Amino acid sequence: MLPTLDRYLIVQFLRNMLLVLVALVAIFMVIDILFGFHLLVRPEPYRWFKVELFLSRLPGLINFALPVSAIISVLACTVPMLRRGEFTALGAAGFTVQRSTRVLLVGCLVVGLFDAVIADFATPRATARALAMQDRLEGQTREGRVWRTDGATWFAGSCYLVGEDKKPELDQVVVATTDRLAMAEQLIWQQEAWFAPKGLLCLFIEGGAQRMLRLPPGPLPQTLSLDLTPKDLQRRLLPRYTMTSSALLARSERADVALVWSRWTRFLIPVLAAMSAMAVFIRFRNRDRVVVAAIEACIVALIPIVLLMVSSMSSDTTPGPPWVGVMLGALIAAIPAGWLWWRWRL
């Protein structure tokens, strides 16, 4: 059974957090719609397509709103207790401020874990879906893209992979392998394969000698086949932040692994921010200056967040494995929050 104080605080925390979360998501959604208003006026035969587009952006908005909601909820829970002198009474009864508010940190930890799960399993897929739908509405081509397949590196001057007004198409394509270089003015997806309607120009390198060969229009040769459907290629060309951890680890590039570690350390953000904010906010002298103290607490709460974000973004360039840089950054971010929490007195 939870003690009465912990039960009271966790109920207040959850209620306040849900209210703030709904309010923030609603505000962010309205702003998103206003900035994306040009998409609403574009023709689209599917009635609910545009609604689905903006709903696909919802997980990303929730990821941004969850840590903010947790911090605001913590302060909202403690404001009446500070004004009524309840922390002073709890201290007289033998409860330290750390003991009195420990359940709020547990709540922030749960929120952080939930936030990390959404950031890994829901937000990447939803963001990729939203980008593809926006490309379809705008008839957008992705310019100058590079990707790799087994034994070959591909470059396309432009890629048209979504939309229904024409077939998927790659323009100004160059593919390089260890012994050849091929160029095609255009590749078109038809009959479940990529075709070169204007032929291929191949440069072979054999024992230091070079040989030029022009292939007639037709499917790509087996040695240069592109075994990616337009949908798979569209997914490959999207930024890495639209990929789940399993997909990133499958590619196993250094930046991908660093992103996985960074994504899962975000669960520390609400906890570290709450530790810093409460240690600055819940003090006897702040009973009559709640607004100013809340602003000071929010500013201090940004310190571990900024440190964690900076270390995560730079983890793919630091020496050693990416996880070392991420864990070191998490430790550096936890030091100021832990120091404030340890020295916290009413």
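Trainee: Which residues does F13 touch, not counting residues up to four places away in sequence?

Mentor: The model is predicted, and in it F13 touches A70, S73, V74, C77, L104, G107, C108 and V111 once residues up to four places away in sequence are set aside.

Trainee: Where do such contacts belong in a wider picture?

Mentor: In soluble globular proteins, nonpolar side chains tend to be buried together. Here the largest nonpolar core has 62 residues, and F13, L104, M278 and F281 touch the most other members. At least two residues of this core come from each of α1, α3 (49–56), α4, α5 (86–92), α7, α11, α12 and α13. Another core, of 24 residues, lies apart from it; W154, A156, L187 and L226 are among its residues.

Trainee: Let us turn to α10. Is S262 buried or exposed?

Mentor: A residue counts as buried under 20% relative accessible area. S262 has 14% relative accessibility, so it is buried. This serine is placed in helix α10, which covers residues 254–264. Its side chain reaches the backbone oxygen of A258 at 2.8 Å. Leaving out residues up to four places away in sequence, S262 touches S312, S315 and V326. Along with S262, the buried residues of α10 are D256, A258, V260 and R263, and the buried residues of this helix pack against α7 (102–138), α9 (245–251), α12 (290–313) and α13 (322–342).

Trainee: How is a pair of aromatic rings described, and how many aromatic pairs does the structure hold?

Mentor: Such a pair is described by the distance of the centres and the angle of the planes. The structure holds six aromatic pairs. In one of them, the ring centres of F28 and F64 are 5.3 Å apart and the planes stand at 65°, so the pair is edge-to-face. This pair links distant parts of the chain: F28 belongs to helix α1 (residues 4–35) and F64 to helix α4 (residues 58–83), 36 residues apart. F64 is exposed, with a relative accessible area of 54%. W189 and W194 also form an edge-to-face pair, with 5.3 Å from centre to centre and 65° between the planes.

Trainee: Where is W194 found, and which backbone oxygen does its side chain reach?

Mentor: W194 is found in strand β5 (residues 193–196), and its side chain reaches the backbone oxygen of L228 at 2.7 Å. W194 is buried, with a relative accessible area of 3%, and W189 is buried too.

Trainee: How may sequence separation be set beside separation in space?

Mentor: Both are stated for a given pair of residues. W194 and A89 are 105 residues apart along the chain, and their C-alpha atoms are separated by 75 Å. T178 and A152 are 26 residues apart in sequence, and 7.8 Å apart in space, C-alpha to C-alpha. T178 lies in the loop between β3 (169–176) and β4 (180–190) and is exposed, with a relative accessible area of 79%.

Definitions and conventions:
Residues numbered from 1 in each chain as written. Predicted model: local features only at pLDDT ≥ 70, side-chain atom pairs only at ≥ 80, totals over all residues. Heavy atoms only, no water. Helix = DSSP H or I, 4+ residues; strand = E, 2+ residues; numbered from the N terminus. Buried < 20%, exposed > 50% of the residue type's maximum accessible area, 1.4 Å probe, protein only. Polar contact = N/O pair within 3.5 Å; in protein donor to acceptor, adjacent residues only side chain to side chain. Contact = heavy atoms within 4.5 Å. Phe/Tyr/Trp six-rings, centres within 6.5 Å; stacked < 30°, edge-to-face > 60°. Core = buried A, V, L, I, M, F, W, Y, C linked by side-chain atoms within 4.5 Å.
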